[in-house]
Amino acid sequence: MNDDLLRIYLTIDKERYPLRVKAEEEAVYRAAGKLVEKTLQKYRNLFPEETENGHWTLTALELAYVNQSIEQRNDTAPYTQKLQQLMVDIERCIDSSQERTAVE
């Protein structure tokens with residue numbers, strides 16, 4: 001295994017999971033583990049009659065939903081397209097202005 005990876009252990013649902021992660025990613029992995037644990041506990045409290053598999057499914061669904069929401073919110077393609085069009089318009093205005101100045 002790569003020497004610049006750290007061995008960490010995350011405990012989720014009373015199970016200990018060994019991971020090898022980059023040092024700069026350790027805090028994110030630990031926070032993610034806590035978020036999974038917190039979300040799982042939330043669904044256990046909200047739906048005590050639900051099965052363990054149901055709790056895990058709801059947890060996965062919520063975290064996937066949050067991930068998708070963030071990805072859609074960070075979609076910069078429409079802004080990039082608009083900026084490209086504005087650049088074309090600006091260049092056209094500059095060229096037109098330069099042509100008028102040359103004629104005068």
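This is a predicted model: local features need pLDDT of at least 70, side-chain atom pairs count only at pLDDT 80 or more; totals for chains, interfaces and linings use all residues.
**Exercise 1.** Work out which elements the chain holds and in what order they run from the N terminus.

*Solution.* Start by counting: the chain has 3 helices and 2 strands. Next, follow the chain from the N terminus, and the order reads β-β-α-α-α. Now ask how spread out the chain is. Its radius of gyration is 26 Å, while the globule rule gives 13 Å for 104 residues, so the chain is more spread out than a compact globule.

**Exercise 2.** Find what share of the residues counts as buried, and what the exposed surface is made of.

*Solution.* Take the residues to begin with: 13% of the 104 count as buried.

**Exercise 3.** Locate the aromatic pair and decide whether it is stacked, edge-to-face or tilted.

*Solution.* The count comes to 1 aromatic pair, formed by Tyr43 and Phe47. Check the distance: the ring centres lie 6.2 Å apart, and the cut-off for a pair is within 6.5 Å. Check the angle: the planes are 10° apart, and under 30 degrees counts as stacked, so this pair is stacked. As for cover, Tyr43 is buried, with a relative accessible area of 12%, whereas Phe47 is partly exposed at 34%.

Key: Residues are numbered from 1 along each chain as its sequence is written. Side-chain values use heavy atoms; hydrogens and water are left out. Helices (H or I, at least four residues) and strands (E, at least two) are DSSP runs, numbered from the N terminus. The radius of gyration is taken over C-alpha atoms; the globule rule is 2.2 Å times the number of residues to the power 0.38. Buried means under 20% relative accessible area, exposed over 50%, partly exposed in between (1.4 Å probe, protein chains only). Accessible areas come from the Shrake-Rupley method with a 1.4 Å probe; for residues, only the protein chains shown count as cover. Rings of Phe, Tyr and Trp (its six-membered ring) pair if their centres lie within 6.5 Å; planes under 30 degrees apart count as stacked, over 60 as edge-to-face and the rest as tilted.
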